[in-house]
Every structure is written in structure tokens, then in C-alpha cells.
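Hello,

Here is the structure I promised to pass on to you. Please have a look at it first, and then read my notes below.

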Amino acid sequence: MNKVTLKVVQGSLLAQEFSYQERTTCVIGRSVDCNIVLPDDQAHSTISRYHCLLDINPPDICIRDFGSLNGTFVNNVKIGQRTIDEDITRAQQMIYPEYDLKDGDEIKLGDTVFQVTMAATENQAKQSQDTKELSQINLQADPLDKVNQLLGQADQGKKELIAIRGYRIKKQLGKGNMGAVYLATKSDSSKDVQAENEQMVALKVLLPKVESNTRARQQFIRETKNTKLLNHKNIVSVHDIGCYENTYFFTTDYCEVGSVAQLIKKKGGKLPLFMALKILLQVLDGLQYAHTVKIPSIVLADGKKTSGVGLVHRDLKPGNLLLTQIDDMLRVKIADFGLAKAFDTAGLSGRTATGVSAGTPYYMPRQQVINFKLAKPEVDVWAAAATFYKMVTGKHPRRYTKAADPWLTTLKNAAIPIRKREPSIPAALAEIIDTALVDQPEIGFKTAIELKETILRVI
């Protein structure tokens, strides 16, 4: 089992250990809400409240200093330190580099020294150099080339690809760091082959950043099975999930109107209030269902079982809200429920949570940055309110700048009241949205149904 351990080898926390067996983030500092809280004493007087961030995807780990005055020491070398004459506000607007950590490295913060230990699976430890080189060739492949290869092999009868046999790619719908999504059609052979008989699906292809193995494949398939069980009009249905030759794929509902992000752009940067409200209320319906539905328990990487109740999305944003036309009405469907988490948990995405390629936490409450692994349903509720804010103001709730470290911004800055961005929002509704975007010390609304019912009372 992959694991990363931080053991305190010096300081007042001597002999304490912090172990991580699945994808998460870890903030270290003197604030009481950090994952690892350092003593608030003279020996740590140079340590910031939020001092540094660890991005952990066992067995990989990297560290990033938030521009502290004293810096962070890795093997007695300072990283991320701002100069003594550099204004703290300017320092917090710098995005300091990340450093990959290795087994045996030491991190020094004040009087506390952590030693890093990495444990990889037996399969990974035995992976040959030839296999690694082959992996690199595979990981750099173009998603379209890979999907066409898959479809060709499916037509030849590969049993692992039977779910996508007969499909043909029509066009690319989107492309990201880990893969791409395509519109695919399949003619119904029992009828005349005509356009109206074609089944349309979205076919998503994911190319791992690391070489997958049997454990990773099994973990991904096991965790995505629950996603297939979600059956709600406001959630994109997942039809088939599979893996072949280090390529992961799944087919879902095709939503022909596009995403809310595309709609915002089409409408000039923001949406009319009535339209944004309709979208928000549908999103809250989908979230309430997903957060409370009974699902089979699964065994996680650390051997523990899930509760068997509900799924948390953890990446809700306008780009993951898709639209389809039903009887002249727009219906919203939440996409990628649990699939990104399953890819991460299986260790297939590589280290990307704080990297440039993964974007920024515009739609994350601070609780999710502090403890990514233990995200609760309320983080989705916060993200839904943040998405509404974006729809009606054209801006994100917090003030982000191109030069600012987005993760530190999320930890330290509160959301700007919505009427300061869009004065036309009715006061009663604005008060509800502002409350929903509170995330310190707690998130304002704990459940989707609570936020929905509160909104309905004022509109």
C-alpha cells in the first residue's frame, strides 16, 4: 500500500507521526485549523499561521512555502522565503515554487524537524526501467489517437472494450490536462441506420500521469461503481466504465447545450438573475440527492470502509454543470460526480492538486484546502453558492489576482459581499448567498436542502 509518513525527529512534538495513504493536501502552521499545528511558542515565533502546503498523492509528496519571512528548510536549504525588506502583502502575491520531496528528506520549521518516509506498493518497487520508458511513451499519447485505437480494438472484439463497441467519434467536446471528452454516436443495428436512430454519448478518456497497475485499476473501477448508481434528473448518468492498456474511459449522458461556463461566456460574462436562480435550485436538488442516497460501502486505501451514505463531488464549478433541453426548458446536470476523486484515489493523476495544470481553488471553501481528503457535503454547497455568485456577477467570490498564490488567498480571504459586485441583487437573496459563502470558522449552510428552502422563502 502506498503511504507517506512525516515523523517528528526534533522539537517539542518529538516522535509524533502523521501518515497519509490517499490523496490529500496538508497545511502546516501555527493556526489551530491547520492539519499539522505547530506550537505557538518562542521556538516557532518565525512560523506563519499558514506557513506551507503539502500536496500528497502517495507515494509522492511536494512542499510549497507561502512566502514566509523565515522560509521553510528542506535538508537545511531555505525555500520560498521572502526578503527581509519585502512587504508581506507583496510576498503573498508571489507564487512560490513547489519542491518534490524524496524518501529521507527533512523539513525544518522553527524548532520542529519532520523526516519524510515514502512507501510504495510492491508492484511499483519492482517496475523495470523498460516498463517505465514504455509508460512515458504511453502517457504522452494524444487522447484522440488513444480513443480511436480503443474503438478499433473494440470492433475487433476485445472483451474489455465491449461497452464502446460500435461507437464513432463525431467531435471533441473538451480537453484537459488528463484527457479529453468526445461526442460519440452508435447506430441502432436493429433499425434502419438513420441519424435519428443514433445513440449519442459523451465518451471521456483519461490518460494517467503514472503507470497504472492491477491495484490501481481495481481501485478505480471499485470507486466508480457507486457513481453509476446515481439516478437523478440533475446528475449526469454514467453508463459504462472501463480500462484497457493504461487508458481509462467512461460513457455518460450527452448534454447538447454545453456547460454553464460556456453559457456564461455566450451571455457576455454573466447570466440574468432568474436564469441563475433556476440553475442553482436544480444544482441543489442534485446535490441533496447525491449527499443522502444510500450506496454500498467500499474499502478505502487505508482499509477503512465508507459510510454507505452519499457522495461528495469536491469539484463543483460552472464547467462541471452541463445543460440539456427538455420541453423548451433548460435542465442542469452535474457531471463528473466522484470520477475525479476515484482517479486521484487510485493514484493515477500524479501530483497535480497545487500545480498550474489543475487550475485554482476558485470554488473551494478554505476547509477543502486544509483537508482535501475529508471534504464533507457542505463543501459542495459552498461551491454551488460560489457558482451562483459567478453566474450573476461574472466574478469569483474572493478577489484573486494573476500574481497571487490562489491557495493562500483561499485560506486567508473572505468572500466579497455579492451586492458590492452586483448591486441589483435583492437584499434578502444577497444576505442568503453571503451567508452561504461564509467559511470561517464554519460553512454557512451545511446541506443543499437547507440552502434551497431558505432561498425559496425570499423569491
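**What I found**

Let me begin with a loop: Asn231 sits in the one that runs between α5 (214-229) and β15 (238-244). Please keep in mind that this is a predicted model. Asn231 has a relative accessibility of 62%, so it counts as exposed. In sequence, Asn231 is 59 residues away from Ala290, yet the C-alpha atoms of the two are 8.9 Å apart in space.

Now for the overall picture. The protein has 459 residues, and 50% of them count as buried. Its secondary structure is made up of 14 helices and 19 strands. If you take the contacts with a separation of 6 or more, 63% of them are between residues 24 or more positions apart.

Next, a residue in a helix. Gln282 belongs to helix α7, which covers residues 273-292. Is Gln282 buried or exposed? Its relative accessibility is 17%, and because the cut-off for buried is under 20%, Gln282 counts as buried. Leaving aside residues up to four places away in sequence, Gln282 touches Asn234, Leu330, Arg331 and Val332.

How many residues of α10 are buried? The count is 16 of the 17, so α10 is largely enclosed by the rest of the structure. Just after α10 comes Gly394, with a positive phi of about 80°.

Last, a pair of helices. Two packed helices are described by the angle between their axes and the distance between the axes. For helix α13 (residues 427-436) and helix α14 (residues 448-456), the angle is about 165° and the axes are 10 Å apart. An angle over 145 degrees counts as roughly antiparallel, so α13 is roughly antiparallel to α14. The crossing of α13 past α14 is right-handed. Which residues meet where these helices pack? From α13 there are Leu429, Ile432 and Ala436, and they meet Leu451, Thr454 and Ile455 in α14.

I hope this helps you find your way around.

Best wishes

Methods: Residues numbered from 1 in each chain as written. Predicted model: local features only at pLDDT ≥ 70, side-chain atom pairs only at ≥ 80, totals over all residues. Heavy atoms only, no water. Helix = DSSP H or I, 4+ residues; strand = E, 2+ residues; numbered from the N terminus. Buried < 20%, exposed > 50% of the residue type's maximum accessible area, 1.4 Å probe, protein only. Contact = heavy atoms within 4.5 Å. Axes fitted to C-alpha atoms, helices over the stretch in contact; angles between N-to-C directions. Parallel < 35°, antiparallel > 145°, perpendicular 65-115°, else oblique. Left-handed = near helix turned anticlockwise from the far one by under 90°.
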